Amino acid sequence: MTVAKPIITNSAQLTEFTAQTRTRMSDVTKINILVSMGTCGIAAGTTPVLKALEESLAAQNLTGVKITRVGCMGLCHSEPTIEVVDTASGKSVIYGNVKASHAEAIVAAGVHPAEGLKVIERGWYYPEDEENTQDAPQARIVLRNSGRINPEDIQEYIAQSGYQALCKVLLEMSPKQVVAEITDSGLRGRGGGGFPTGRKWSFANAQKPKEKYVICNADEGDPGAFMDRAILEGDPHAVLEAMAIAGFAIGAKNGIVYIRAEYPLAIERLQIAIHQAREMGFLGKNIFGSGFDFDIDLKFGAGAFVCGEETALIASIEGKRGEPTYKPPFPAIAGLWGKPTIVNNVETFANVCAIIRNGAGWFKRIGTTGSPGTKVFALAGKINQVGLIEVPMGTSLREIIYGIGKGIRNGKQFKAVQTGGPSGGCIKRDQLDTTIDYDTLVLLGSMMGSGGMIIMDEDDCMVSVARFFLEFTLDESCGKCTPCRIGNKRLHEMLTKITQGKADMQTLQKLRDLSASIKDTALCGLGQSSPNPVRSTMNQFEDEYLAHILEGKCPAGVCADLVTYSINENCTGCAVCKKRCPVDCIRGEKKSVHVIDAEACIKCGMCLSSCKFNAIDRK
Amino acid sequence: MASDTSTNVTTPTADAPNLLDAFPDKRQALEEYLDSLPLARAAGRKKGFLIQSLHRAQAIFGYLPEEVQVLVAKKLELHLSEVYGVISFYSFFTDKPVGKHKINVCTGTACFVRGADIILQEFARQLKISEGETSEDGMFSLGGLRCVGACSLAPVVMVNEDVEGNVEPPMVKKIIRRCMQEGE
Ligand SMILES: Cc1cc2nc3c(=O)[nH]c(=O)nc-3n(C[C@H](O)[C@H](O)[C@H](O)COP(=O)(O)O)c2cc1C
Ligand code: FES
């Protein structure tokens, strides 16, 4: 650890520094070109675009134009994305699916949309900075800086009022006041459970021991959810600042971010951020001259979903197998190394600074009474506009799926949306007008979970989906308790039988009974919630279960044992399917009807999706 | 693995020479890392450094053979069984050598609903290995992993460190061929 000279030690210096930083930036930069450099942006090919932009900028010899690498803008459906901002007026234009060859035109056009490029409507507003004058469906509190600032440059964070909340807390508030403010805001844990954050902090605040810990849960285990990754990649300081505030509120000097090893870019940006915060004196000893010390370490996960559960996570930090323990005692009483510990989710922390800056009253005006604020969702699956969205609590599923997500791909029928990951459930078509918050989702037999939303269409088989989640739980069960280890195995076997058409009606009853007893008897949240996907799909889509059992049919045509592919007389002999077939099981002369060798067919469906003449039957 | 064999495992044998001796610079890199840990200040809590040490060791050696486990156990003053218990619990760690090209098919929910299982089957068929295995020539390992956070590009395959998005079954052959060309 390098100990660098702290530059800012009191609030006056911070205010001045913020003002200076802002002036310096707006003086130099007239046009700011923001290039989305999150994991998915890079995977979609942002790097060559960035290079081309830099070259065009140099070639066109423009002054006052700056290129900034930013985190995820949430527009995953149109990566690589670029936003060009006029810093004086705030006017901007967002381009999607940008190619390196567009760079010259983008640089030359400024904020007037360049011709021939895909322009994207912003669709969100920033409650902290502006009124919702355009009636935007999205509100960005958590993602306020993500996609707007360079996450690797602390000065850009400072220019967005960064570290002012920490400064206010340390110099103007008592720990009890901080806890009261967070309690009053009604902020609930975004890691899934929705537990009131202020209440958790007050338990830890009341504990005697001097040694306490603040842990940020960045394990993000729900497959198909990526909001925590995006926050850490796009705005790491917001989380670090909030952890220091939490440390002050409960009387802890040590913070730990437990992050999954599968997120190398987020880890790198966190490391840079921690280093810069230390250099500036925002972490370390005597922060802002207040006498308060706080520092943050990183600990890495190693590929175990159950480590997202807080007691297992603590065991993992202690270097043990990540097996959960009984609660109580809760971590707030006896957590890491037996000391009082609060564990909060990344997104929970990402709300804290905005609440401190603007007050609990401001926060409560957004969202619903029982669940104030916003929620970030990762939209994925069969939806037109996949991406990361942040909406006020109380937004309807219809608005999310058809408004923001622009409906179902390829004109197919919506079937269900899955929320809550392996612990959650499915929501049907006739429930689309439900407004979402913690409590309404539970009423529908699902749960908020961490914010993954997988949209499914008519081609998805709900029995297979339930089986998929159980396979996940089986893989991830730590094996400590029998209901989870053995019970889920039996559930999985029964579901497999159904998908093979080998089950009878008794199987259905057994599924119900066993699901109920696993829910009641498993040790931790992983086991207790593992039957949820089964229960939920059985309740909502019983007809599909019955079709498999009674008719030996998979209505969606997914279960390989229950479908066959064949070619009908519509076939023109174009041979496209023959070329696409990965196992070469389609035969026929050019311009005559082809046939599928049913023995060799692996039922991948490639022929069906490639045929333009409706000549493939799936039965 | 019984912990009382720990005294024997470092002894090189004719057919299995000690890995640490075979790669002195790797051994040195790991020892330097372990020595740099502030263990003295962590009385009673040395185990807290175990997982990060294993991450480092695996980054250096590619996997965690017994010799490496013994070295880590010794430095952190842990029982070999404790070290092995942790390795076997976490799916990120492996005590078997992995292939030169690591193919990991994302089997997260978003990729599942877009046909990841068919992609995985197709790799298994072409490489003639199952999930979790390495091909006999040591060229390929095939695995599944849960969500790399690029769900918008589903189905996603990690080919070594790179994310390959929107993969369709016919692309499998091409990906394998490309790896083989790189391997030459
Ligand atoms: C099986 C299981 C997995 C979990 N995974 C996560 C996770 O990946 N991220 C997370 O923040 N919370 C996860 N949780 C919830 C945590 O136990 C804990 O409640 C949460 O981190 C508390 O933070 P919050 O109050 O800010 O939500 C998981 C819980 C269970 C039972
Ligand atoms: S589910 Fe495959 S990348 Fe997210």
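The questions below turn to the ligand, a pair of helices and some backbone features of this predicted model.

Me: How many residues surround ligand 1, and which are the closest?
Reply: The model is predicted, and the shell is counted on all residues. A residue belongs to the surroundings if one of its heavy atoms lies within 4 Å. On that basis 18 residues surround ligand 1, and the closest are G191(A), N217(A), N344(A), N345(A) and T348(A).

Me: What distance separates a polar side-chain atom of N344(A) from an oxygen atom of ligand 1?
Reply: Backbone atoms also approach the ligand: a backbone N or O atom of G221(A) lies 3.0 Å from an oxygen atom of ligand 1, and a polar backbone atom of G308(A) is 3.2 Å from a nitrogen atom of ligand 1. For N344(A), a polar side-chain atom is involved, and its distance from an oxygen atom of ligand 1 is 2.8 Å.

Me: What percentage of the area that ligand 1 exposes when taken alone does the protein bury?
Reply: Taken alone, ligand 1 exposes 610 Å². Of that area, the protein buries 87%.

Me: Which element gives the most to the shell around ligand 1?
Reply: Two elements of chain A give two or more residues to this shell, namely β11 (341-345) and α20 (525-529). The one that gives the most, with 3 residues, is β11(A).

Me: Are α1(A) and α6(A) roughly parallel or antiparallel to each other?
Reply: Helix α1 (residues 11-28) and helix α6 (residues 164-172) of chain A pack with their axes 10 Å apart, at an angle of about 165 degrees. In passing α6(A), α1(A) makes a left-handed crossing. Angles over 145 degrees count as roughly antiparallel. The two helices, α1(A) and α6(A), are therefore roughly antiparallel.

Me: Where is P80(A), which a cis peptide bond joins to E79(A)?
Reply: Most peptide bonds are trans. The bond between E79(A) and P80(A) is cis, with omega about -10 degrees. P80(A) is found in the loop between β2 (65-70) and β3 (82-86) of chain A.

Me: What is the phi of D584(A)?
Reply: Most residues other than glycine have a negative phi. D584(A) is found in the loop between α23 (576-580) and β18 (586-587) of chain A. Although D584(A) is not a glycine, its phi is positive, at about 50 degrees.

Terms used:
Residues numbered from 1 in each chain as written. Chains lettered and ligands numbered in written order. Predicted model: local features only at pLDDT ≥ 70, side-chain atom pairs only at ≥ 80, totals over all residues. Heavy atoms only, no water. Polar contact = N/O pair within 3.5 Å; in protein donor to acceptor, adjacent residues only side chain to side chain. Areas by Shrake-Rupley, 256 points an atom, 1.4 Å probe, with all protein chains shown as cover. Helix = DSSP H or I, 4+ residues; strand = E, 2+ residues; numbered from the N terminus. Axes fitted to C-alpha atoms, helices over the stretch in contact; angles between N-to-C directions. Parallel < 35°, antiparallel > 145°, perpendicular 65-115°, else oblique. Left-handed = near helix turned anticlockwise from the far one by under 90°.
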